[in-house]
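Me: Got a model open here and want a quick walk through it. Can we start with the ligand?

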Amino acid sequence: MRRLRTTRTSLGLFGALLVMPTLVLGALYWRELVNDYEAQLESIPQAAQSAKDRIVASMVERFQKLLESEARRPFTHYGEIFSPEDAIGSDLALTESPLVSEERPREIEAWFSFEFDYGETEIHVLQGDAGKGENLARKENYLSSAIADFRKRYLGEGLYSRLTGLQGEKTTTYPLAAVAVFLGYKEQAQQTCLKACASKMEGHEVPVNVFDFELDFYLQDGKRPRAIASRRISFPIEDVPANVPCLASIEGEVFTIIQGFILQPEWLFNELPQLQARRVLAGAEELLTLGPSYEDATRSVATINLISELGFDTAEPEERWYRQLEVAVDREEIRRRFEKQSQRFLLVAFMLVLTLSTGMVFMYRSVSKELDHAHRMQNFVAAVTHELRTPISTIQLHAEMLLEGWTTDPEVVKTYHARILRETKRLSTLVERVLEKSRLKERTTDPVRANLSEILQELEHDLVGVEEGGPRDVRFELERDLPPAWLTPEAVVGIATNLVENARKYAPVPAGGEPICVRTRSREGHVYIEVADRGPGVPAGERDRIFEAFYRVGSEATRTTKGTGLGLHLVQLFAESVGAQAQYLPRDGGGSIFQVAFKTAG
Ligand code: ADP
């Protein structure tokens, strides 16, 4: 009962100190994991919105850079020939425009320039060095008609009114000669005249108003996307030197020029967003370019109106939605991450449970073992005390009787002496056994090659007890041709004596009953000694334990036989000291067989 309580207490302590905190911590961690996951799911729509803001900001920045770099271009470059402003001297230098000679950036399809007048003025289209190819004329025609269409919208669709509200007006001055070249470079006669009069124009300047680029987007003929940046330039020709005939036609005029460039739709609608998306989007965010898509359980979507975000004006409302983009945030990715984390958590939890339960089992076993050992020691002390008390009191009684001269009959005196001697022997055997146990535990002996039957033969006389004249309760059946085995005579004597003694004690042979049998035999690399009796045998549950030190079947309170629980333990220790093995076998027809197997010495 006490044992059970102690085991329960230790298991309880183990639970309170280790299992409980682990469970609580595990539960807390799990809750945090789930909360985290839910918070992430909730924040997905905001995540999509913030991804959209990032990508829009990035695109606008990139687009603004393009506009700024184009705004720095002098308006005189928008002609095939121009006169560099930094040309030194009074000669008029004429050179090809960079918009004709230089490589065209991928963002731009072509530059254009036309005079803003209600008439059909000439449209100049410049395509950089790409325009020098074979298709120059065809492409130029196509682009000219696109710009003509643009101009028509500019004039016809009320866009003219916009001119009054234009922004970012800046006034700069240009040399008169450069402006004159820009206005009339195509005509040979004009060029010749301008060159001749170059020195006269020196020092004369034209104040030029330059406005910011305006952005227009529309679908030409309802299908072709046109994204056009255009600016207005205006200047009066006032300060003109006298006697320059080629300037006479423009003197006093106020010119308004519309200049700008057509954006590459492929770059604007594809490359620009894709490139910026690659820069600013992260893991679960994705840019969708295939038009409006739906929002479902697996993703959240934020729409980008590229046209209006970049600052384009449109005439028709549907043009404003052209090629909408979307940023999607994948919920699945977050779910997958959560799943992975929870799997990892469960694995760790499983391992923890495994470790704790293993610890619990080990602890339970060790506590039980310790308690068992303590219990056996208690039994042992009780048994030894009992074993000691009986011979001591017998010796004391007989010695006193002799001393006090109770009897003078020599026969009785002899019996008394014999009893004292027997009890002394019993005491010394007991002491001897306890000593033997610790001796055998401490050191090993080297076995020798010897014949088991021969050693037992010599023992027969002592064990059978022929001399005492009692009934022969032990019979020897020794096999003659036994192979030699690894053993020591001391171990064999110890084993046989203890086993025979036990058999006599627990299975005493009744008159005319089957005697205890001590036999030897050999089989499969082993030589066996067996002591068999017809006693009560050992209950199945106890068979493994009877060889343990101080172990006795039943309890000290109820047991009737004398003993200390050392006999079989000594048998086992003797056996182990020579590498042999002792075991119990139930005997057919009732009784026990104690068997020790020695290894044959081949
Ligand atoms: P002890 O004899 O001092 O009690 P042992 O170690 O010799 O201790 O024996 C352990 C237990 O094994 C005994 O308590 C007894 O119950 C049982 N036992 C030993 N030999 C026999 C036997 N021949 N027949 C039945 N039980 C036996």
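Me: Which element gives the largest share of the shell around the ligand?
Reply: Helix 14 does, with 4 residues. Keep in mind that this is a predicted model.

Me: How many residues surround the ligand, and which are the closest?
Reply: The ligand is surrounded by 19 residues. The closest are N502, Y506, R552, T564 and G565.

Me: How much of the ligand's area does the protein bury?
Reply: The protein buries 97%. The ligand taken alone exposes 530 Å².

Me: Which pocket does the ligand sit in?
Reply: The ligand sits in the second largest pocket.

Me: Which elements give two or more residues to the shell?
Reply: Helix 14 (489–506), helix 15 (567–577) and strand 20 (592–599).

Me: Which ones are buried?
Reply: L176, A177, A178, V179, A180, V181, F182 and G184.

Me: Let me pick A180 from helix 5. What's its relative accessible area?
Reply: A180 is at 3%. Buried means under 20%, so A180 qualifies.

Me: How far is A180 from L194?
Reply: Their C-alpha atoms are separated by 7.9 Å. Along the chain, A180 and L194 are 14 residues apart.

Me: Now A328. Where is it, and is it buried or exposed?
Reply: A328 lies in strand 13, residues 325–330. A328 counts as buried, at 2% relative accessibility.

Me: What about A328 and L288?
Reply: They are 40 residues apart along the chain. Their C-alpha atoms are separated by 7.0 Å.

Me: And A146, which helix is that in?
Reply: A146 is in helix 4, residues 136–156. A146 is buried, with a relative accessible area of 0%.

Me: How far apart are A146 and N243?
Reply: In space, 41 Å from C-alpha to C-alpha. In sequence, A146 and N243 are 97 residues apart.

Me: Why flag that?
Reply: Because most residues other than glycine have a negative phi.

Me: Where does D221 sit?
Reply: In the loop between strand 7 (214–220) and strand 8 (224–236). D221 is exposed, with a relative accessible area of 53%.

Me: And E524, what's the phi there?
Reply: Near 40°, a positive value, and E524 is a residue other than glycine. E524 is in the loop between strand 17 (516–523) and strand 18 (526–532).

Me: Is E524 buried or exposed?
Reply: E524 counts as exposed, at 75% relative accessibility. The cut-off for exposed is over 50%.

Key:
Residues are numbered from 1 along each chain as its sequence is written. This is a predicted model: local features need pLDDT of at least 70, side-chain atom pairs count only at pLDDT 80 or more; totals for chains, interfaces and linings use all residues. Side-chain values use heavy atoms; hydrogens and water are left out. A residue is near a molecule or strand if one of its heavy atoms lies within 4 Å of it. Accessible areas come from the Shrake-Rupley method with a 1.4 Å probe; for residues, only the protein chains shown count as cover. On a 1 Å grid over the protein atoms alone, a cavity is a set of points where a 1.4 Å probe fits but cannot get out, and a pocket is an open set with protein on both sides within 12 Å along at least five of seven lines; lining residues have an atom within 4 Å of a point. A molecule sits in a cavity or pocket if more than half of its atoms lie within 2 Å of its grid points. Buried means under 20% relative accessible area, exposed over 50%, partly exposed in between (1.4 Å probe, protein chains only).
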